[in-house]
Amino acid sequence: MHVGAAISFPLGQTTIETKVAETKQAIQDGADEIDYVINIGELKSGNLAYIEEEMMQIVSVCKENNVLSKVILETCYLTKDEIIEVCKIAKKVKPNFVKTSTGFGTNGATVENVKLMKETVGDDVEVKAAGGIRDYETCKAMIEAGATRIGTSSSFKILEGFDKENQLS
């Protein structure tokens, strides 16, 4: 069983120092997976150095503690260029995953964004699609676009769709 912790949900507006402290505390309390939201305001301001420093510090704490790290972009608020820039940083820093969303934004994962993220990070970082994935067809499309993990509250419905498709094959 894994224990995940959400850092700076849902908008990522806390400082790097606060996120690092939250990450360390969550790991101390037993978390073995960390999901943190990038500072969207800093990204929107074009401060890519801040985003890179934030990612380096949090991912470093995770790696030092053998904990999985997931960087949440909250893609519904970002342009394609912003998604690419964050994914380029991730390709360099190497968290375990880049993740589409928290599920609290105005929109969740889209096939287009998952594909864009995967094309940018390549095989260096995995992609987690989360938010709005409620049926097997959507889940399958996300996997085909490059997601290796799915965040959903509709697991049973998705598995029923999987079973149905595979019974027909």
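Reader: Where is the place of C87?

Author: Helices (H or I, at least four residues) and strands (E, at least two) are DSSP runs, numbered from the N terminus, and C87 has its place in helix α4, residues 80-93. The model is predicted, so local features need pLDDT of at least 70 and side-chain atom pairs count only at pLDDT 80 or more, while totals for chains, interfaces and linings use all residues. Residues are numbered from 1 along each chain as its sequence is written, and side-chain values use heavy atoms, with hydrogens and water left out.

Reader: Does C87 count as buried or exposed?

Author: Buried means under 20% relative accessible area, exposed over 50%, and partly exposed in between, with a 1.4 Å probe and protein chains only. C87 has 0% relative accessibility and therefore counts as buried.

Reader: Which residues is C87 in contact with, leaving aside its neighbours within four places in sequence?

Author: Contact means heavy atoms within 4.5 Å, and with those neighbours left aside C87 is in contact with L73, V98, M117, T120 and V121. For V98, which is 11 residues apart from C87 along the chain, the C-alpha atoms of the two are separated by 7.3 Å.

Reader: How should I read the sheet, and in what order do the strands come?

Author: Two strands pair if DSSP finds at least two bridges between them. Here 6 strands form an open sheet with parallel pairing, in the order β1-β2-β3-β4-β5-β6. Its edge strands, each pairing on one side only, are β1 (4-7) and β6 (147-151). Axes are lines fitted to C-alpha atoms, for helices over the stretch in contact, and angles run from 0 to 180 degrees between N-to-C directions; neighbouring strands of this sheet are turned by 25 degrees against each other on average, direction ignored.

Reader: Over how many bridges do β3 and β4 pair?

Author: Strand β3 (residues 68-72) pairs with strand β4 (residues 97-99) in the parallel sense over 3 bridges, and I72 stands opposite K99 in β4. Strand β3 also holds S69, which is buried, with a relative accessible area of 3%. Not counting residues up to four places away in sequence, S69 touches I34, V59, C62, P95, N96 and F97. On to the next pair, β4 and β5 are joined in the parallel sense over 3 bridges, and F97 has E126 in β5 as its bridge partner. In β5, 4 of the 5 residues are buried, so this strand is largely enclosed by the rest of the structure.

Reader: What describes two packed helices?

Author: Two packed helices are described by the angle between their axes and the distance between the axes. Helix α1 (residues 16-28) and helix α3 (residues 48-64) have axes that come within 10 Å and cross at roughly 15 degrees. That makes α1 roughly parallel to α3, as angles under 35 degrees count as roughly parallel, over 145 as roughly antiparallel, 65 to 115 as roughly perpendicular and the rest as oblique. The residues of this contact include I16, K19 and V20 of α1 and Y50, E53 and E54 of α3.

Reader: At what angle do α5 and α6 pack?

Author: Helix α5 (residues 111-121) and α6 pack at an angle of about 20 degrees, with their axes 8 Å apart, and are therefore roughly parallel to each other. V111, V114, K115 and K118 in α5 meet A141, M142 and A145 in α6.
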